[in-house]
Amino acid sequence: MTRTRSKRNESHRDVVRCAIYTRKSTEEGLDQEFNTLDAQRESGEAYIVSQRHEGWECLPDRYDDGGFTGGNMDRPALRRLMADIEAGKVDCVIVYKVDRLSRSLLDFARIMETFDRHNVSFVSVTQQFNTSTSMGRLVLNVLLSFAQFEREIISERTRDKIAAARRKGKWSGGMPLLGYNVDPQGSKLVVNETEADRVRAIFNLYSEHQSLLAVVAELDERGWVNKRWTTKKGIERGGKRFTKTSLHKLLTNVTYIGKLRYKDEVHDGEHEAIVSTDVWQRVQSLLSRNGRTGGAAVRNKFGALLKGILHCSACGTAMSPSHSTKNGNKRYRYYVCTNAQKRGWHNCPSKSIPAGEIERFVVEQIRAIGHDPTMVRDTVAQARSLGQSERLGLESELRGVRRDVAHWDAEVRELLPQVEPGDRETPARKRLADLQERIRSGEQRATDIQEQLLALDRTMIDEADVAAALAKFDPVWEALAPREQVRLIDLLIERIDYDGGTGDVSIAFHAAGIRQLADQIETEDAA
């Protein structure tokens, strides 16, 4: 197709400066020595040579958009070409086919307006017709309509292929996910054990803090970032710090329980789960409950003593405080299973329990423990078990940090010979600076973990600590204001599980809380 401008005064222009624009939708094959962009340009250059008698000359600048769709104008080489046209540097634009310039009828019309405004001709090497006539413009519009139709058909096929792959549980591409690597041979997700430990730790952190911002702050302190990976071109991507949005996205991703999502559908995936369904479901319940407040401390208006620590063991969900009033002045308080509230009472054997009954039972248990050697031993064993779990998590993280630091150290040693004195902005220099910063952060995190492990050893309690702390709980308890009683229970107890079917109540104590209470009582006695 050849488009010439009648307004152009050829007598004033001896040379026609021709720019060749090329485009390919994907990056596949672009790393070859002679790729499709080269072939398109070679065809354009041959056409320009055939028009040399008209004064046509090829501009040396290349306008190549490799890996960019023709469905929009967000292409760097096209933007550069349009800027050169507006600067008066181009008289004619050559393309191999019309759809190389655009597959959108609307975008093509906009490009043509710019060409008209600057008296720039347009030539399609393989589609010879003249658009200065009404018939030529009609043919052009038909061609563009088919180009746009083809683009939409390709999009539909791509969407259908992704949907079919997701429904079969296959990974269909996208941004790599923290906790997994993408198998380069089969496009499958493979567990990255070091990152998987971090993902599990992040879920546990949210279960503990129940606040996105608190967890983001903790992750910042640990120096943990989002997934970092290297593209096929060797460019490093990702590695950004967590935000509320990225953390929420991680915590709600069903991929971690071995499933894949396609729109509103959830299907079993081929990959291995790295978070248990119970943990994932508990986090979803907390996120749903905290949605209104973002996890900020909620006002405890009616002094619910077990708010946030009482759980329904049958459903694995929290039991939230509730109340009803009778005759307008008598209030009855309850703890209600959130699963029963949301899915119907027939789904839970516990349903609800009177608040006064369970609170009195828990307080009596704490009082009794201090006077019963058997219960003291059981409490110590339970607290030590919790402390041991925390220790194992910290030791696992420490091993991962040390592996990362060793890997970065090795990369630094490889890069050092490539850096010359005086280099400031070279890629090797920038990479070296980035690695040194990572090593510094990693070593700082390793030091922090070691200090936490030492602190954990110091908070390990023995039977004397428990007996001393809980024996003095009874005389102190009645003297406390309701708000202080809530704080003390939070300090001592990590979790209470209530089974409505059997009536069993299980109490897990904070080892650090018992130690802190014992220290406080000792300090007050000394004063």
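Guide: Gly88 has a positive phi of about 80°, and this glycine comes just after helix α2. The model is predicted, so local features need pLDDT of at least 70 and side-chain atom pairs pLDDT 80 or more, while totals for chains, interfaces and linings use all residues. Numbering starts from 1 along each chain as its sequence is written, and side-chain values use heavy atoms, without hydrogens or water.

Helix α2 itself spans residues 76-86, and its buried residues (under 20% relative accessible area with a 1.4 Å probe, protein chains only) are Ala77, Leu78, Leu81, Met82, Asp84 and Ile85. They sit on the same side of α2 because they cover an arc of only 160° around the axis, taken from the directions from the axis to the C-beta atoms. Among the elements covering these residues are the strands β2 (16-24), β4 (63-66) and β5 (92-95), together with the helices α3 (98-101) and α4 (105-117). Contact here is heavy atoms within 4.5 Å; helices (H or I, at least four residues) and strands (E, at least two) are DSSP runs numbered from the N terminus.

Elsewhere, six strands form an open sheet with mixed pairing, in the order β16-β15-β14-β13-β17-β18; pairing takes at least two DSSP bridges. At its edges, β16 (352-354) and β18 (505-509) each pair on one side only. Inside that order, β13 (residues 310-312) and β14 (residues 317-326) are antiparallel partners over two bridges, with His311 opposite Ala318 of β14.

Note on methods. Buried < 20%, exposed > 50% of the residue type's maximum accessible area, 1.4 Å probe, protein only.
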